[in-house]
Amino acid sequence: MKYRIRHYTEYDYQDTASICCNRLCLTPINLEEQECIKSDITITPAPDEISYRTDFFGNQLAFFSVYQEHKKLRINSNSVVNIENRVNAEKAFRSSVLWKDVASMIAPDSHDTIQYLLPSLYVPHSDVIKDFASDCFTEGATLWDACNALMKKINKTIEFKPGFTTVNTPVETVIKIKKGVCQDFAHLMIACFRNIGLPARYVSGYLETVPPPGKEKLVGADASHAWVSVFFPEIGWVEFDPTNNLLPSYKHITVAFGRDYQDVAPIKGIVFSSGKQQLTVKVDVERID
């Protein structure tokens, strides 16, 4: 499948901003099953400084600064991506590796894996999280069975409720209130794995949404999405989408990997201004082939 992704962000400041410095994580990365054919970012007002680099996790970042006074900041990202289906999920389905044996199968010098075992800003170690996940990691269960059991439990237990939580809502609170958005679903699933010593990472991207029969697809109706990647020995990373209780396929477009949302936030930075600001975000994922 080939997709065109448009991600539009606008900041409308109550008072004039004199300076802003931002980091963007909006460019889809190249993977075995994904090719970013082209990507461009337009910023208004035009930046006085802009640079690009690949971060520690392999994500494509842009850094820019605006030193002129402005009342609005517009960031328009346009990408075209070609997607193939994930193959690791099919391999993992046939895997007989038990979840309890995974820790002993990870090489001590495997930095790419071990870094996703540690707690991070939004993914803590907690007895509450361990208790929530305990019935999914039964004696004799394969890693594949445990992953699916946990994904189904989170999807069934947590209600998708936009606006009910913020990025700073603790995972333990999400378990208690049983409500959240995709980043909460992802943080919870990742936390469950890390709390029993299994590596899992945060995936940021987009998901094509299909409108109800007879309804037109609304431009801007799509949003940034988040899901989870779990390490399977001798296979690699296998992805799970607890928000939708499914395995990511050609409809999931990957932008970045990280320990949690903090590493892959689409836009973050600072602005020198006063008063309030209004944020508008529109995302459209259009299938073009």
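## Pockets, a cavity and some salt bridges

The second largest pocket here has a volume of about 290 Å³. A pocket, on a 1 Å grid over the protein atoms alone, is an open set of points with protein on both sides within 12 Å along at least five of seven lines, while a cavity is a set of points where a 1.4 Å probe fits but cannot get out; lining residues have an atom within 4 Å of a point. Volumes are the space filled by probe spheres set on the points, and grid points are joined across faces, edges and corners. This is a predicted model, with local features needing pLDDT of at least 70 and side-chain atom pairs counting only at pLDDT 80 or more, while totals for chains, interfaces and linings use all residues. Residues are numbered from 1 along each chain as its sequence is written, and side-chain values use heavy atoms, with hydrogens and water left out.

Back to that second largest pocket. Its lining takes in 16 residues, and Glu32, Glu33, Arg86, Asn88 and Trp237 are the ones nearest the centre. Two elements give two or more residues to this lining, namely α1 (88–93) and β11 (236–240). The largest share, three residues, comes from β11. Helices (H or I, at least four residues) and strands (E, at least two) are DSSP runs, numbered from the N terminus. By class, the lining of the second largest pocket splits into seven nonpolar, three polar and six charged residues. For these classes, Ala, Val, Leu, Ile, Met, Phe, Trp, Tyr, Cys and Pro count as nonpolar, Asp, Glu, Lys and Arg as charged, and the others, Gly among them, as polar.

Now for the largest pocket, at about 1,100 Å³. It is lined by 39 residues, with Gln183, Ser224, Tyr261, Pro266 and Val281 nearest its centre. The elements giving two or more residues to this lining are β1, β2, α6 (182–194), β9, β10 (224–232), β13 and β14.

What about enclosed space? A search of the whole structure turns up one cavity of 30 Å³ or more. About 40 Å³ of space lies in this largest cavity. Cys25, Ser204, Gly205, Tyr206, Ser224, Val255 and Pro266 line the cavity. Strand β9 (residues 200–207) gives the most to that lining, three residues. Four of the lining residues are nonpolar, three are polar and none is charged.

Strand β2 (residues 19–27) deserves a look too. Seven of its nine residues are buried (under 20% relative accessible area, with exposed over 50% and partly exposed in between, using a 1.4 Å probe and protein chains only), so β2 is largely enclosed by the rest of the structure. It runs antiparallel to β13, with six bridges joining the two, and it also pairs with strand β5 (residues 60–66) in the antiparallel sense over six bridges. Strands count as paired if DSSP finds at least two bridges between them. Cysteine 20 has valine 271 as its bridge partner in β13, and asparagine 22 has phenylalanine 64 in β5.

Isoleucine 270 sits in strand β13 (residues 267–272). Leaving out residues up to four places away in sequence, isoleucine 270 touches Ile19, Cys20, Cys21 and Asn22, where contact means heavy atoms within 4.5 Å. Lysine 91, by contrast, is 44 Å from isoleucine 270, C-alpha to C-alpha, and 179 residues away in sequence.

On to the charged pairs. The whole structure holds eleven salt bridges, each a side-chain nitrogen of Lys or Arg within 4 Å of a carboxyl oxygen of Asp or Glu. Three of them are set out here:

| Salt bridge | N to O distance |
|---|---|
| arginine 4 – glutamate 286 | 3.3 Å |
| arginine 6 – glutamate 286 | 3.3 Å |
| arginine 259 – aspartate 263 | 2.8 Å |

Arginine 6 lies in strand β1 and glutamate 286 in strand β14, so this pair ties together parts 280 residues apart in sequence. Arg4, Arg6, Asp284 and Glu286 are linked in a network of salt bridges. How accessible are the partners? Arginine 4 is partly exposed at 29% relative accessible area, glutamate 286 is partly exposed at 29%, and arginine 6 is partly exposed at 32%. In the remaining table pair, aspartate 263 is buried at 9% relative accessibility, whereas arginine 259 is partly exposed at 35%.
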